Amino acid sequence: MAVWIGFGAVVLAALALAAWKLRAEPRFAPGAGLDAAERARHYPAPLPPPDGPVRVYHLGHSLTGRDMPAMLAQLAGHDWNSQLGWGASLDQHWRGEVPGFAEENAAPVFRPAHEAAGSGDYPVFVLTEMIGLADAIRWHDSPAALARWVQRIREGRADARIYLYETWHPLDEAPDWPARLEADLPGLWEAHLLRPVLESGERIHVIPGGQVMAAVAREAEAGRIPGLSGAGDLFGDDIHFNDLGAWLVAQTHYAVIYGRSPLGLPARLNRADGSPADAPPDEAVRIMQGIVWRVVTSYPPTGVGGE
């Protein structure tokens with residue numbers, strides 16, 4: 001009996017400590033996104049499109065992957081390198097403590113991120129943060145990590161165009177997946193990552209991957225994209241895109257980095273290993289490309305103006 005009483009006291013003490021920690025730690029809350037005045041101040045005019053192919057570096061995780069950058073390179077005709085990890089945060093990349101580092105970077109396109117950032121070899125550098133983003137901001141100090149990478153890239157090349165690639169949360173984390181994405185852009189990406197960098201006097205732009213995914217999902221659910229019925233058609237599981245999702249995100253990267261409409265770009269591309277990727281239905285290609293261009297040109301932080 002004494003043993004059970006003692007055990008019960010330990011359990012109660014542990015529960016009390018956990019409850020105290022929950023009260024003591026401030027709850028993470030989304031912030032306010034960039035207002036119209038901030039957007040006008042930080043993004044007064046679109047960027048001039050590059051004259052031709054530009055070398056691109058991707059720093060990220062499985063929502064970057066190798067197939068999407070390979071598809072982008074086929075669309076643009078450019079060279080690229082990357083460093084990836086399993087759900088890796090910008091801070092983990094900075095500290096060299098990247099989960100899945102060996103497995104994800106066993107490819108000819110790998111180049112160490114610190115070396116690449118300081119080399120000055122890349123006119124375009126694409127960064128993204130781990131998902132869940134709220135956890136990254138709270139526990140991995142995303143704003144500081146992003147600022148460190150931006151500074152490192154600038155030290156290597158002052159005129160580099162730096163992009164923050166906005167991604168998405170898992171399909172099963174909210175009943176209305178597109179609405180969650182639309183709320184996360186201002187509440188998390190803008191409020192906690194983009195604004196601190198902009199207020200430091202730096203300017204970076206945004207590749208709105210999540211917003212394009214949300215817009216395509218809504219149109220598909222409404223029956224306005226032949227051959228697609230919803231967000232699930234873009235994914236192989238609850239968070240990782242399939243070939244169709246990779247194609248869509250590659251089109252989005254192209255539209256932002258090159259400042260040009262993706263209308264007319266190829267529907268049939270190869271994966272990173274050279275095998276043919278599954279292509280979107282022929283009747284859906286121009287519709288999806290039109291959605292990409294609409295989203296990209298309606299969001300000033302992309303740095304892309306409409307035609």
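User: Buried means under 20% relative accessible area, exposed over 50%, and partly exposed in between (1.4 Å probe, protein chains only). What share of the 307 residues in the protein chain is buried?

Analyst: This is a predicted model, where local features need pLDDT of at least 70, side-chain atom pairs count only at pLDDT 80 or more, and totals for chains, interfaces and linings use all residues. Residues are numbered from 1 along each chain as its sequence is written, and side-chain values use heavy atoms, leaving out hydrogens and water. With the cut-off for buried set at under 20%, the share of the 307 residues is 50%.

User: How many helices and strands does the protein chain have?

Analyst: Helices (H or I, at least four residues) and strands (E, at least two) are DSSP runs, numbered from the N terminus. Counted that way, the protein chain has 12 helices and 5 strands.

User: What is the radius of gyration of the protein chain?

Analyst: The radius is taken over C-alpha atoms, and the globule rule is 2.2 Å times the number of residues to the power 0.38. For 307 residues the rule gives 19 Å. The chain's own value is close to that, so the chain is as compact as a globular protein of that length: the radius is 21 Å.

User: Of the contacts with a separation of 6 or more, what share joins residues 24 or more positions apart?

Analyst: Contact means heavy atoms within 4.5 Å. Take the contacts in the protein chain with a separation of 6 or more. Residues 24 or more positions apart account for 74%.

User: How many salt bridges does a search of the whole structure find?

Analyst: Side chains of opposite charge can pair when their charged atoms come close. A salt bridge is a side-chain nitrogen of Lys or Arg within 4 Å of a carboxyl oxygen of Asp or Glu. The search of the whole structure finds 17.

User: Asp 159 forms a salt bridge with Arg 157; is Asp 159 buried or exposed?

Analyst: The closest N and O atoms of Asp 159 and Arg 157 are 2.9 Å apart. Arg 157 is partly exposed, at 24%. Asp 159 has a relative accessible area of 56%, so Asp 159 is exposed.

User: Which residue forms a salt bridge with Arg 218?

Analyst: The closest N and O atoms of the pair are 3.9 Å apart. Arg 218 sits in helix α10 (residues 209-221), and its partner sits 42 residues away in the loop between β4 (161-166) and α9 (177-199).

User: What kind of aromatic pair do Trp 94 and Trp 149 form?

Analyst: Trp 94 is in helix α4 (residues 90-95) and Trp 149 in helix α8 (residues 142-156), 55 residues apart. Trp 94 is partly exposed at 26%, whereas Trp 149 is buried at 0%. The ring centres are 4.9 Å apart and the planes stand at 85 degrees, a pair that is edge-to-face.

User: Which side chain makes a polar contact with that of Glu 202?

Analyst: A polar contact is a pair of N or O atoms within 3.5 Å; within protein, one must be able to donate a hydrogen and the other to accept it, and residues adjacent in sequence count only if both atoms are side-chain atoms. Glu 202 lies in the loop between α9 and β5 (205-208) and counts as buried at 19%. The polar contact spans 2.9 Å, and the partner is Arg 154.

Technical notes:
Phe/Tyr/Trp six-rings, centres within 6.5 Å; stacked < 30°, edge-to-face > 60°.
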